[in-house]
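The sequence and the model are shown first, and the description follows.

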Amino acid sequence: MMGVLKRYRFMLVILGVNIILLIVRPELGLKALKITESNSIEILMNIPAIFVLLGLLDTWIKKETMIRVLGEKSGLLGIAVAFLLGSVAAGPMYATFPIAGTLMNKGAKFFNIIVFVGAWSTTKLPMLFFEASAMGWRFMLARFVIDIPVILLIAFITEKMVMGSEKELIYANVSEIANSYPKNKGRSLT
Amino acid sequence: MLFTIGLNVLTGLLLVISLLRDRRKTVMALKKVWKSLDNILPMFLSIIILLGIMLAILSPQVISNLIGQKSGWLGITIAAVIGSVTLIPGVVTFPLAAALLKSGASFTAIVVFVSTSMMVGVVTLPVEIRYFRYRAAIVRNALALLFSFVVAVILGRILK
(Lines give C-alpha, C1' and ligand atoms only; values in the text may rest on other atoms or scores of the structure.)
Protein backbone atom coordinates (compact mmCIF):
# COMPACT_ATOMS: atom_id res chain seq x y z
CA MET A 1 0.00 0.00 0.00
CA MET A 2 2.73 2.47 0.99
CA GLY A 3 4.63 1.43 -2.12
CA VAL A 4 1.67 2.29 -4.34
CA LEU A 5 1.26 5.63 -2.57
CA LYS A 6 4.93 6.37 -3.05
CA ARG A 7 4.87 5.51 -6.74
CA TYR A 8 1.84 7.70 -7.31
CA ARG A 9 2.93 10.61 -5.13
CA PHE A 10 3.82 12.86 -8.06
CA MET A 11 0.45 12.17 -9.63
CA LEU A 12 -1.28 12.97 -6.34
CA VAL A 13 0.55 16.31 -6.13
CA ILE A 14 -0.64 17.26 -9.62
CA LEU A 15 -4.14 16.08 -8.79
CA GLY A 16 -3.94 18.35 -5.73
CA VAL A 17 -3.05 21.28 -7.99
CA ASN A 18 -6.09 20.50 -10.10
CA ILE A 19 -8.30 20.43 -6.99
CA ILE A 20 -6.91 23.78 -5.85
CA LEU A 21 -7.67 25.12 -9.32
CA LEU A 22 -11.18 23.73 -8.99
CA ILE A 23 -11.66 25.76 -5.80
CA VAL A 24 -9.96 28.97 -6.94
CA ARG A 25 -11.17 29.00 -10.56
CA PRO A 26 -13.97 26.41 -10.84
CA GLU A 27 -14.49 26.84 -14.59
CA LEU A 28 -10.78 26.29 -15.33
CA GLY A 29 -10.52 23.35 -12.93
CA LEU A 30 -13.54 21.69 -14.48
CA LYS A 31 -12.21 22.25 -17.99
CA ALA A 32 -8.89 20.68 -16.97
CA LEU A 33 -10.69 17.62 -15.60
CA LYS A 34 -12.73 17.31 -18.79
CA ILE A 35 -9.57 17.40 -20.93
CA THR A 36 -7.95 14.85 -18.60
CA GLU A 37 -11.02 12.64 -18.93
CA SER A 38 -10.96 12.61 -22.73
CA ASN A 39 -7.18 12.08 -22.77
CA SER A 40 -7.51 9.22 -20.29
CA ILE A 41 -10.07 7.52 -22.51
CA GLU A 42 -7.69 7.88 -25.45
CA ILE A 43 -4.88 6.39 -23.36
CA LEU A 44 -7.00 3.49 -22.14
CA MET A 45 -7.91 2.61 -25.71
CA ASN A 46 -4.40 2.86 -27.19
CA ILE A 47 -1.72 2.23 -24.61
CA PRO A 48 -2.62 -1.37 -23.63
CA ALA A 49 -2.66 -2.35 -27.32
CA ILE A 50 0.68 -0.62 -27.96
CA PHE A 51 2.24 -2.40 -24.99
CA VAL A 52 0.84 -5.81 -25.97
CA LEU A 53 2.14 -5.25 -29.49
CA LEU A 54 5.54 -4.42 -27.99
CA GLY A 55 5.42 -7.56 -25.86
CA LEU A 56 4.69 -9.69 -28.93
CA LEU A 57 7.45 -7.97 -30.89
CA ASP A 58 9.79 -8.64 -28.00
CA THR A 59 8.82 -12.32 -27.94
CA TRP A 60 8.70 -13.18 -31.61
CA ILE A 61 11.22 -10.96 -33.39
CA LYS A 62 14.70 -12.36 -33.16
CA LYS A 63 17.42 -10.12 -31.84
CA GLU A 64 19.51 -10.83 -34.94
CA THR A 65 16.69 -9.58 -37.17
CA MET A 66 16.43 -6.34 -35.22
CA ILE A 67 20.20 -5.87 -35.27
CA ARG A 68 20.25 -6.39 -39.02
CA VAL A 69 17.41 -3.91 -39.61
CA LEU A 70 18.11 -1.24 -36.97
CA GLY A 71 21.47 -2.16 -35.39
CA GLU A 72 24.96 -0.68 -35.51
CA LYS A 73 25.67 -1.81 -39.07
CA SER A 74 22.19 -1.23 -40.49
CA GLY A 75 23.32 1.90 -42.35
CA LEU A 76 20.87 3.62 -44.66
CA LEU A 77 18.32 0.83 -44.30
CA GLY A 78 18.26 1.37 -40.55
CA ILE A 79 17.73 5.10 -40.91
CA ALA A 80 14.93 4.55 -43.44
CA VAL A 81 13.21 1.96 -41.25
CA ALA A 82 13.48 4.17 -38.16
CA PHE A 83 12.08 7.09 -40.12
CA LEU A 84 9.16 5.09 -41.52
CA LEU A 85 8.34 3.46 -38.18
CA GLY A 86 8.15 6.88 -36.53
CA SER A 87 6.17 8.48 -39.35
CA VAL A 88 3.41 5.90 -39.70
CA ALA A 89 2.75 5.82 -35.97
CA ALA A 90 -0.02 7.97 -34.59
CA GLY A 91 0.27 7.77 -30.84
CA PRO A 92 0.94 10.40 -28.21
CA MET A 93 4.52 11.56 -27.74
CA TYR A 94 5.05 9.84 -24.39
CA ALA A 95 4.29 6.45 -25.97
CA THR A 96 7.42 6.61 -28.12
CA PHE A 97 9.81 6.14 -25.25
CA PRO A 98 8.66 2.68 -24.10
CA ILE A 99 8.73 1.64 -27.77
CA ALA A 100 12.23 3.10 -28.12
CA GLY A 101 13.23 1.14 -25.01
CA THR A 102 12.02 -2.16 -26.48
CA LEU A 103 13.80 -1.50 -29.77
CA MET A 104 17.01 -0.67 -27.90
CA ASN A 105 16.81 -3.86 -25.87
CA LYS A 106 16.58 -5.75 -29.13
CA GLY A 107 19.78 -4.14 -30.39
CA ALA A 108 18.70 -1.00 -32.26
CA LYS A 109 21.36 1.66 -32.71
CA PHE A 110 20.96 4.84 -30.64
CA PHE A 111 21.18 7.10 -33.70
CA ASN A 112 18.25 5.22 -35.27
CA ILE A 113 16.30 5.48 -32.02
CA ILE A 114 16.64 9.27 -31.98
CA VAL A 115 15.61 9.38 -35.66
CA PHE A 116 12.56 7.27 -34.73
CA VAL A 117 11.63 9.64 -31.89
CA GLY A 118 12.19 12.67 -34.14
CA ALA A 119 10.02 11.27 -36.92
CA TRP A 120 7.34 10.30 -34.40
CA SER A 121 7.15 13.89 -33.15
CA THR A 122 7.60 15.77 -36.40
CA THR A 123 6.69 13.94 -39.59
CA LYS A 124 3.73 11.82 -38.58
CA LEU A 125 1.91 10.99 -41.80
CA PRO A 126 -1.68 11.23 -40.47
CA MET A 127 -0.85 14.67 -39.10
CA LEU A 128 0.67 15.87 -42.39
CA PHE A 129 -2.70 15.78 -44.14
CA PHE A 130 -4.20 17.74 -41.34
CA GLU A 131 -1.36 20.24 -41.55
CA ALA A 132 -1.82 20.62 -45.30
CA SER A 133 -5.51 21.36 -44.93
CA ALA A 134 -4.88 24.01 -42.27
CA MET A 135 -1.63 25.58 -43.45
CA GLY A 136 -1.58 24.72 -47.16
CA TRP A 137 0.34 22.11 -49.14
CA ARG A 138 3.34 24.36 -49.76
CA PHE A 139 3.83 24.93 -46.04
CA MET A 140 3.46 21.25 -45.19
CA LEU A 141 5.81 20.06 -47.95
CA ALA A 142 8.44 22.71 -47.23
CA ARG A 143 8.41 21.89 -43.52
CA PHE A 144 8.55 18.16 -44.22
CA VAL A 145 11.56 18.51 -46.52
CA ILE A 146 13.43 20.77 -44.09
CA ASP A 147 12.61 18.58 -41.09
CA ILE A 148 14.24 15.45 -42.57
CA PRO A 149 17.83 16.76 -42.41
CA VAL A 150 17.01 18.43 -39.09
CA ILE A 151 15.92 15.10 -37.56
CA LEU A 152 19.10 13.43 -38.83
CA LEU A 153 21.27 16.26 -37.54
CA ILE A 154 19.65 16.14 -34.09
CA ALA A 155 20.19 12.37 -33.99
CA PHE A 156 23.81 12.75 -35.11
CA ILE A 157 24.68 15.38 -32.50
CA THR A 158 22.74 13.65 -29.70
CA GLU A 159 24.57 10.39 -30.39
CA LYS A 160 27.94 12.18 -30.43
CA MET A 161 27.13 13.81 -27.09
CA VAL A 162 26.53 10.46 -25.37
CA MET A 163 29.42 8.55 -26.93
CA GLY A 164 31.10 5.95 -24.74
CA SER A 165 30.14 5.17 -21.16
CA GLU A 166 26.97 7.30 -21.11
CA LYS A 167 25.55 5.34 -24.03
CA GLU A 168 26.32 2.07 -22.26
CA LEU A 169 24.52 3.41 -19.19
CA ILE A 170 21.48 4.32 -21.32
CA TYR A 171 21.29 0.80 -22.74
CA ALA A 172 21.80 -0.71 -19.28
CA ASN A 173 19.03 1.55 -18.02
CA VAL A 174 16.41 0.50 -20.60
CA SER A 175 17.30 -3.14 -20.05
CA GLU A 176 16.78 -2.65 -16.31
CA ILE A 177 13.37 -1.01 -16.92
CA ALA A 178 12.30 -4.01 -18.99
CA ASN A 179 13.42 -6.56 -16.43
CA SER A 180 12.58 -5.12 -13.05
CA TYR A 181 9.51 -5.02 -10.88
CA PRO A 182 8.04 -1.60 -10.11
CA LYS A 183 8.40 -2.08 -6.37
CA ASN A 184 12.17 -1.94 -6.73
CA LYS A 185 11.86 1.45 -8.34
CA GLY A 186 11.91 3.55 -5.20
CA ARG A 187 14.44 5.95 -6.69
CA SER A 188 12.47 6.61 -9.85
CA LEU A 189 11.14 10.06 -10.62
CA THR A 190 7.53 9.55 -9.67
CA MET B 1 -10.33 6.86 -33.96
CA LEU B 2 -9.56 4.85 -37.09
CA PHE B 3 -6.05 4.40 -35.77
CA THR B 4 -7.36 3.16 -32.43
CA ILE B 5 -9.63 0.56 -34.05
CA GLY B 6 -6.91 -0.56 -36.44
CA LEU B 7 -4.35 -0.82 -33.68
CA ASN B 8 -6.61 -2.86 -31.41
CA VAL B 9 -7.79 -5.19 -34.18
CA LEU B 10 -4.22 -5.79 -35.34
CA THR B 11 -3.00 -6.38 -31.78
CA GLY B 12 -5.90 -8.75 -31.07
CA LEU B 13 -5.22 -10.76 -34.22
CA LEU B 14 -1.51 -11.03 -33.51
CA LEU B 15 -2.24 -12.00 -29.92
CA VAL B 16 -4.48 -14.86 -31.06
CA ILE B 17 -1.85 -16.05 -33.55
CA SER B 18 0.79 -15.85 -30.84
CA LEU B 19 -1.39 -17.83 -28.40
CA LEU B 20 -1.99 -20.51 -31.00
CA ARG B 21 1.69 -20.82 -31.79
CA ASP B 22 3.01 -20.90 -28.26
CA ARG B 23 0.76 -20.49 -25.28
CA ARG B 24 3.46 -20.44 -22.63
CA LYS B 25 5.63 -17.88 -24.42
CA THR B 26 2.62 -15.62 -24.98
CA VAL B 27 1.55 -15.72 -21.35
CA MET B 28 5.09 -14.84 -20.35
CA ALA B 29 5.08 -11.93 -22.80
CA LEU B 30 1.79 -10.66 -21.35
CA LYS B 31 3.18 -10.84 -17.84
CA LYS B 32 6.12 -8.74 -18.94
CA VAL B 33 3.74 -6.30 -20.64
CA TRP B 34 1.78 -5.89 -17.42
CA LYS B 35 5.00 -5.27 -15.53
CA SER B 36 6.18 -2.52 -17.84
CA LEU B 37 2.73 -0.91 -17.94
CA ASP B 38 2.60 -0.93 -14.16
CA ASN B 39 6.06 0.59 -14.20
CA ILE B 40 5.25 3.56 -16.40
CA LEU B 41 1.59 4.14 -15.49
CA PRO B 42 2.18 6.60 -12.60
CA MET B 43 4.23 8.76 -14.94
CA PHE B 44 1.71 8.60 -17.77
CA LEU B 45 -1.18 9.50 -15.48
CA SER B 46 0.79 12.40 -13.99
CA ILE B 47 1.48 13.74 -17.47
CA ILE B 48 -2.15 13.44 -18.51
CA ILE B 49 -3.41 15.40 -15.51
CA LEU B 50 -0.67 18.01 -15.94
CA LEU B 51 -1.60 18.26 -19.60
CA GLY B 52 -5.26 18.80 -18.71
CA ILE B 53 -4.37 21.69 -16.41
CA MET B 54 -2.04 23.23 -18.99
CA LEU B 55 -4.47 22.97 -21.88
CA ALA B 56 -7.25 24.42 -19.71
CA ILE B 57 -5.15 27.44 -18.80
CA LEU B 58 -3.45 27.86 -22.18
CA SER B 59 -6.61 27.71 -24.29
CA PRO B 60 -6.36 28.65 -27.98
CA GLN B 61 -7.80 32.05 -27.02
CA VAL B 62 -5.10 32.65 -24.39
CA ILE B 63 -2.34 31.51 -26.76
CA SER B 64 -3.71 33.85 -29.44
CA ASN B 65 -3.58 36.73 -26.99
CA LEU B 66 -0.05 35.83 -25.91
CA ILE B 67 1.49 35.38 -29.34
CA GLY B 68 -0.98 37.62 -31.16
CA GLN B 69 0.46 40.65 -32.89
CA LYS B 70 3.64 40.79 -30.85
CA SER B 71 6.47 41.18 -33.28
CA GLY B 72 10.21 40.56 -33.22
CA TRP B 73 12.07 38.60 -30.61
CA LEU B 74 9.43 38.97 -27.90
CA GLY B 75 6.80 37.26 -30.05
CA ILE B 76 9.25 34.53 -31.10
CA THR B 77 10.38 33.89 -27.52
CA ILE B 78 6.81 33.67 -26.22
CA ALA B 79 5.93 31.33 -29.10
CA ALA B 80 8.93 29.11 -28.28
CA VAL B 81 8.08 28.94 -24.58
CA ILE B 82 4.40 28.11 -25.17
CA GLY B 83 5.26 25.58 -27.87
CA SER B 84 7.86 23.88 -25.67
CA VAL B 85 5.89 23.57 -22.44
CA THR B 86 2.61 22.48 -23.97
CA LEU B 87 1.99 19.18 -25.61
CA ILE B 88 -0.76 20.41 -27.89
CA PRO B 89 -2.18 17.85 -30.28
CA GLY B 90 -1.68 18.70 -33.95
CA VAL B 91 -5.43 18.88 -34.49
CA VAL B 92 -5.34 21.98 -32.27
CA THR B 93 -1.93 23.39 -33.24
CA PHE B 94 -2.41 23.73 -36.98
CA PRO B 95 -5.82 25.44 -37.10
CA LEU B 96 -4.64 27.73 -34.30
CA ALA B 97 -1.46 28.56 -36.23
CA ALA B 98 -3.47 29.21 -39.41
CA ALA B 99 -5.89 31.48 -37.57
CA LEU B 100 -3.03 33.37 -35.92
CA LEU B 101 -1.35 33.92 -39.29
CA LYS B 102 -4.59 35.26 -40.78
CA SER B 103 -4.98 37.69 -37.94
CA GLY B 104 -1.51 39.05 -38.66
CA ALA B 105 0.85 37.26 -36.30
CA SER B 106 4.51 37.05 -37.33
CA PHE B 107 5.29 34.11 -39.62
CA THR B 108 8.53 33.26 -37.83
CA ALA B 109 6.83 33.20 -34.44
CA ILE B 110 4.10 30.89 -35.72
CA VAL B 111 6.55 28.42 -37.28
CA VAL B 112 8.57 28.42 -34.05
CA PHE B 113 5.34 27.71 -32.16
CA VAL B 114 4.41 24.83 -34.51
CA SER B 115 7.93 23.35 -34.49
CA THR B 116 8.50 23.55 -30.74
CA SER B 117 5.05 22.19 -29.92
CA MET B 118 5.93 19.10 -31.95
CA MET B 119 9.62 18.60 -31.23
CA VAL B 120 10.25 20.00 -27.75
CA GLY B 121 8.52 18.14 -24.94
CA VAL B 122 9.00 19.67 -21.53
CA VAL B 123 5.94 17.86 -20.14
CA THR B 124 7.15 14.51 -21.46
CA LEU B 125 10.74 15.12 -20.32
CA PRO B 126 10.33 12.97 -17.17
CA VAL B 127 9.43 9.94 -19.32
CA GLU B 128 12.20 10.70 -21.76
CA ILE B 129 14.75 10.99 -18.94
CA ARG B 130 13.45 7.75 -17.44
CA TYR B 131 14.42 5.94 -20.65
CA PHE B 132 17.30 7.97 -22.13
CA ARG B 133 18.77 9.35 -18.88
CA TYR B 134 19.46 13.06 -18.38
CA ARG B 135 22.14 13.89 -20.88
CA ALA B 136 20.58 12.47 -24.04
CA ALA B 137 17.10 13.75 -23.13
CA ILE B 138 18.27 17.29 -22.40
CA VAL B 139 20.56 17.43 -25.44
CA ARG B 140 17.82 16.16 -27.74
CA ASN B 141 15.29 18.71 -26.51
CA ALA B 142 17.78 21.59 -26.53
CA LEU B 143 18.72 20.76 -30.13
CA ALA B 144 15.03 20.52 -31.08
CA LEU B 145 14.48 24.00 -29.62
CA LEU B 146 17.50 25.41 -31.44
CA PHE B 147 16.51 23.85 -34.76
CA SER B 148 12.94 25.12 -34.41
CA PHE B 149 14.37 28.62 -34.94
CA VAL B 150 16.49 27.45 -37.88
CA VAL B 151 13.47 25.80 -39.51
CA ALA B 152 11.41 28.95 -38.98
CA VAL B 153 14.03 31.16 -40.65
CA ILE B 154 14.47 28.81 -43.64
CA LEU B 155 10.72 28.35 -44.09
CA GLY B 156 10.27 32.12 -43.96
CA ARG B 157 12.83 32.53 -46.76
CA ILE B 158 11.27 29.82 -48.94
CA LEU B 159 7.63 30.72 -48.58
CA LYS B 160 7.90 34.48 -49.00
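Which residues are linked in a network of salt bridges? The network joins A:Glu131, A:Arg143 and A:Asp147; a salt bridge here is a side-chain nitrogen of Lys or Arg within 4 Å of a carboxyl oxygen of Asp or Glu.

## Basis of the description

This is a predicted model, in which local features need pLDDT of at least 70 and side-chain atom pairs count only at pLDDT 80 or more, while totals for chains, interfaces and linings use all residues. Residues are numbered from 1 along each chain as its sequence is written, chains are lettered from A and ligands numbered from 1 in the order in which they are written, and side-chain values use heavy atoms, with hydrogens and water left out.

## Chain A as a whole

Chain A contains 10 helices and zero strands. Helices (H or I, at least four residues) and strands (E, at least two) are DSSP runs, numbered from the N terminus. In sequence order the pattern of chain A is α-α-α-α-α-α-α-α-α-α. Its C-alpha atoms fill a box of roughly 55 × 50 × 30 Å along the principal axes.

Of the 190 residues of chain A, 48% count as buried; buried means under 20% relative accessible area, exposed over 50%, and partly exposed in between (1.4 Å probe, protein chains only). The accessible surface of chain A is about 9,400 Å², and carbon and sulfur atoms account for 73% of that surface. Such areas come from the Shrake-Rupley method with a 1.4 Å probe, and for residues only the protein chains shown count as cover. Among the contacts in chain A with a separation of 6 or more, 71% are between residues 24 or more positions apart, where contact means heavy atoms within 4.5 Å.

## The interface of chains A and B

The size of an interface is often given as the accessible area lost when the parts come together. Between chain A and chain B the buried area is about 7,400 Å², with 77% given by carbon and sulfur atoms; this is the accessible area (1.4 Å probe) that two parts lose on being put together, summed over both. A:Trp60, A:Tyr94 and A:Phe97 supply 9% of the area that chain A buries against chain B, more than any other three residues. In terms of residues, 80 of chain A are in contact with 76 of chain B.

The rules find three salt bridges across this interface, and 11 residue pairs in polar contact (both at pLDDT 80 or more). A polar contact is a pair of N or O atoms within 3.5 Å; within protein, one must be able to donate a hydrogen and the other to accept it, and residues adjacent in sequence count only if both atoms are side-chain atoms. Several helices of chain A each supply at least two residues of the side that touches chain B, including H2 (9-24), H6 (96-105) and H10 (165-179). The largest share of that side, 22 residues, comes from H3(A). By class, the side of chain A that touches chain B has 54 nonpolar, 17 polar and nine charged residues. Ala, Val, Leu, Ile, Met, Phe, Trp, Tyr, Cys and Pro count as nonpolar, Asp, Glu, Lys and Arg as charged, and the others, Gly among them, as polar.

## Charged pairs

Side chains of opposite charge can pair when their charged atoms come close. Over all chains the count comes to eight salt bridges.

A:Glu166 and B:Arg133 form a salt bridge at 3.2 Å, N to O. Because A:Glu166 lies in helix H10 of chain A and B:Arg133 in helix H7 (residues 125-159) of chain B, the pair joins two chains. A:Glu166 counts as buried at 7% relative accessibility, whereas B:Arg133 counts as partly exposed at 29%.

## Two buried residues

B:Val127 is found in helix H7 of chain B and is buried, with a relative accessible area of 0%. Apart from neighbours within four places in sequence, B:Val127 is in contact with A:Tyr94, A:Phe97, B:Ile40, B:Met43, B:Phe44 and B:Ile47.

A:Ser74 lies in the loop between helix H4 (63-70) and helix H5 (75-88) of chain A and counts as buried at 7% relative accessibility. The side chain of A:Ser74 reaches the backbone oxygen of A:Gly71 at 2.6 Å.
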